[in-house]
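Reader: Could you walk me through this structure? I would like to go over its elements, its surface and its charged pairs.

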Amino acid sequence: MTVASMTGYAVASEATPIGTVTVEFRSVNSRFLDQNLRLHEDLRFADPIIREMLTKRIARGKVEVRASLIADENAEPATVNKAVLERLIAIQASILETVPDAKKLNVMNLMTMPGVLTSKRPDEDELAAKIRTVVDRALDAFTASRAREGEALARVLLNNCDQVEGVVKELQPKIPTILAHIGSKLQERLETALSNALTENSTLTKEEVSDRIRQEVTLYALRLDVEEEMNRLLTHVAEVRRILQKGGAVGRRLDFVVQEMNREANTLGSKAAAIDMTNAALQLKVIIEQMREQIQNLE
């Protein structure tokens with residue numbers, strides 16, 4: 001199963017008993033499935049049909065559907081309903097008696113009045129079947145376009161995963177050296193600062209002070225250790241790959257995972273005690289933000 005973008009476009013046409021019907025689909029990002037149908041007056045009966053078909057194929061996105069109709073030139077011409085026409089003329093005559101200056105209806109006005117022109121109604125089942133056919137073809141092309149873009153986005157995200165792994169794996173072997181250097185400097189400073197405590201009247205021995213210093217250095221090093229954060233980042237990267245591999249509607253799941261990745265990068269930055277750690281945290285945040293932006297486009 002592939003992943004799909006929420007952005008797509010497709011159009012399809014089909015000959016029907018009332019003329020050529022053209023159905024156009026286009027979509028952009030949305031948290032939910034938001035359907036906006038704009039149908040020709042003679043096609044409004046198909047609104048629930050199109051919505052049902054769309055819901056079965058699309059999970060998320062703001063989808064606009066346009067259905068237009070070009071009447072068949074060879075279709076049987078409309079006929080005049082004389083009873084309705086005569087009633088309109090009688091009403092007009094009554095109005096003109098009261099308002100002599102009122103403008104009379106012309107032929108075009110009369111033709112557009114409801115009920116004046118009537119045409120043979122097509123078989124509704126046959127017309128509905130034709131509508132389903134053209135909508136199904138348009139949906140096939142529409143989902144295919146979303147799938148193509150989704151595949152491209154997935155490749156970008158997988159490349160981002162490689163970048164995150166690269167940053168973490170470059171930093172990991174440096175951490176012991178960084179912590180050892182910081183610990184050595186801290187111990188040296190503490191020994192200098194506490195040297196005055198070793199006076200003749202002090203109750204502390206030199207060994208006790210040294211032991212206390214080692215404890216403080218060890219605790220400080222533990223607070224600076226980012227091994228756990230780096231391991232979680234690698235776990236999250238593996239989860240992103242797994243979700244993309246599984247496919248389907250992955251947007252919300254990936255959004256959650258990337259939020260967790262950003263949390264780990266922030267923690268890494270807050271613990272940074274060396275330029276290498278700071279640079280790594282900044283690189284990770286840039287990459288993760290790029291991932292977040294791409295995920296906003298996925299269904």
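Author: Asp162 is partly exposed, at 43% relative accessibility; partly exposed lies between buried, under 20% relative accessible area, and exposed, over 50%, with a 1.4 Å probe and protein chains only. This is a predicted model, in which local features need pLDDT of at least 70 and side-chain atom pairs count only at pLDDT 80 or more, while totals for chains, interfaces and linings use all residues. Residues are numbered from 1 along each chain as its sequence is written, and side-chain values use heavy atoms, with hydrogens and water left out.

Reader: Which residue does Asp162 meet in a salt bridge?

Author: Its partner is Arg241, at 2.5 Å from N to O. A salt bridge here is a side-chain nitrogen of Lys or Arg within 4 Å of a carboxyl oxygen of Asp or Glu. The pair links distant parts of the chain, since Arg241 is in helix 7 and Asp162 in helix 4, 79 residues apart. Arg241 is partly exposed, at 26% relative accessibility.

Reader: How are the helices assigned, and how many helices and strands are there?

Author: Helices (H or I, at least four residues) and strands (E, at least two) are DSSP runs, numbered from the N terminus. The chain has nine helices and six strands.

Reader: And how many salt bridges does the structure hold?

Author: There are 18. One of them joins Arg57 and Asp140, with the closest N and O atoms 2.6 Å apart. This pair also links distant parts of the chain: Arg57 belongs to helix 1 (residues 47–57) and Asp140 to helix 4, 83 residues apart. Arg57 has a relative accessible area of 31% and is partly exposed; Asp140, at 40%, is partly exposed too.

Reader: What about Glu289 and Arg292?

Author: They form a salt bridge as well, with the closest N and O atoms 2.8 Å apart. Both lie in helix 9, and because they are three residues apart, about one helical turn separates them.

Reader: Turning to helix 8, which of its residues are buried?

Author: The buried residues of helix 8 are Gly251, Leu254, Val257, Val258, Glu260, Met261, Glu264, Ala265 and Leu268. Their cover includes helix 4 (124–171), helix 7 (227–246) and helix 9 (275–295).

Reader: What does the side chain of Glu260 contact?

Author: Glu260 is buried, with a relative accessible area of 18%, and its side chain makes a polar contact with the side chain of Arg263 at 2.9 Å. A polar contact is a pair of N or O atoms within 3.5 Å; within protein, one must be able to donate a hydrogen and the other to accept it, and residues adjacent in sequence count only if both atoms are side-chain atoms.

Reader: Where is Ser145, and is it buried or exposed?

Author: Ser145 is in helix 4 and is buried, with a relative accessible area of 13%. Its side chain reaches the backbone nitrogen of Tyr9 at 3.3 Å. Not counting residues up to four places away in sequence, Ser145 touches Gly8 and Tyr9, a contact being heavy atoms within 4.5 Å.

Reader: How much of the chain is buried?

Author: Of its 299 residues, 35% count as buried. Among contacts with a separation of 6 or more, 80% come from residues 24 or more positions apart.
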